Structure formats: structure tokens, C-alpha cells
Amino acid sequence: MFRKMTVGRLAFLILNLLFLLIIASTMIVPLWNAVAESLSSNFGSMQPGILMWPRQFSFSGYKTIWTVLDLWQPFENSVLVSVLGTALHVFLSAMAGYALAQPALPLRRTMTVFILMTMMIPFEAIMIPFYVTMQEFGLLNTLVALILSGAVSGFSILLMRNFFQSIPMDILEAAKIDGSGQFR
């Protein structure tokens, strides 16, 4: 690894590093400019040019966004849908995956094939029936509809099934001997 570097290899590494720095700067400079302008006063942010440091430092833009534009509600909705949706998705996928991993389950291969078949159907094909279902249940324009739309997926079920199948049966038998039920 620490062998002597040739001139060509050193030149390649230097040119590669310069190229990557130029590419990175095309992404970092606009982002830095946006942060600097957001921390400038209203007058300071209206002046032309690229800002590397805020002109007339002020948090007035952030205060306006949070108070006047009422940004708390969309933020709260996003966090709520993300947290509850992820928890429900993991819970349902784990339950289904555990059931499919049981060797004594009748028709488990058939159920696995049906789950695989659902993965072949694109969401665009079921979007309208899903909308009609949400409309019939009265869930249009609610957070519950957003949470339910991603409640379970075939990929997650199969991923959990494979995980549970990788656990040796000896561990499950030892847990049953220690008094553990199926859920624990």
C-alpha cells in the first residue's frame, strides 16, 4: 500500500482531486450562498452577487417563515406521518414475515408467491382503486390515508421472512422452554 508512487500516478491523483474539488464546489457554493442569504436582513439579501457571509446578520426570514407562513403544521404533519407510517410498516411487515417463516404454516409457498406477484404490479395500476377505496371510507385529505398508503409492502414482508428464516430453530425452541410465547 505504501509503495513508491510513480510520477504518472501522482499526477493522476492530483488531477483527480482537483476535478472532484471543482465538482464539489459547484454543489457547495450555491448551498452556502442560500444559507448566507437566509441569514441576511431583507435589504442585505436583495443586493446582487454571491454571498459567502451574511450581510446585516438577521433571523427575520426564519421568524417570518415560522410565524406568518405557519410552517409548524406541515412540519408536524410530516413528522407524524413519517413516524407512525414507519412504525406501522415495520410492525405489519414483521408480523407477516414471521408468520411466513414458520415451517408448519400451511400454503406458505403459495402465500409467498402471491406476495411476489403483488411486487410485479406498479403503483400506477392500483392508484385509482386505492383512491376510490379511501373515498369510500371517508379518508380523503387525511393523514390516515397517507399512513395507510405505505402500511405494508411485499418487499418488506419478504425481507422480514428471510431474516426470520435465518434465525436458528434452536433459539426459538430454547425461548419456548424458558416460557416465552409466540409474540415474545
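**Exercise 1.** What volume does the second largest pocket have, and which residues line the second largest pocket?

*Solution.* The model is predicted: local features require pLDDT of at least 70 and side-chain atom pairs pLDDT 80 or more, while totals for chains, interfaces and linings use all residues. Residues are numbered from 1 along each chain as its sequence is written, and side-chain values use heavy atoms, with hydrogens and water left out.

Step 1. A pocket is an open set of points on a 1 Å grid over the protein atoms alone where a 1.4 Å probe fits, with protein on both sides within 12 Å along at least five of seven lines; lining residues have an atom within 4 Å of a point. Its volume is the space filled by probe spheres set on the points, which are joined across faces, edges and corners. For the second largest pocket this is about 160 Å³.

Step 2. The lining consists of Ile115, Thr118, Ile121, Ile126, Val152, Ser153, Gly154 and Ile157. Two or more of these residues come from each of α5 (108-118) and α8; helices are DSSP runs of H or I with at least four residues, strands are runs of E with at least two, and both are numbered from the N terminus.

Step 3. By class, 5 are nonpolar, 3 polar and none charged (nonpolar: Ala, Val, Leu, Ile, Met, Phe, Trp, Tyr, Cys and Pro; charged: Asp, Glu, Lys and Arg; polar: the others, Gly among them).

**Exercise 2.** Describe the largest pocket and its lining.

*Solution.* Step 1. The largest pocket holds about 430 Å³ of space. Its lining comprises 20 residues, of which Tyr98, Gln102, Phe164, Leu172 and Gln182 are the closest to the centre.

Step 1. At least two lining residues come from each of α4 (72-101), α8 (154-166) and α9 (169-177), with α9 giving the largest share, 5 residues.

Step 2. The lining divides into 12 nonpolar, 5 polar and 3 charged residues.

**Exercise 3.** Compare the span of α6 with expectation and locate its kink.

*Solution.* Step 1. The expected span is 1.5 Å times one less than the number of residues. The 14 residues of α6 (residues 123-136) should therefore span 20 Å, and the 19 Å between the end C-alpha atoms agrees.

Step 1. A kink of about 25 degrees is centred on Pro129 (the angle between axes fitted to the seven residues ending there and the seven starting there).

Step 2. Just after α6, Gly138 adopts a positive phi of about 75 degrees.
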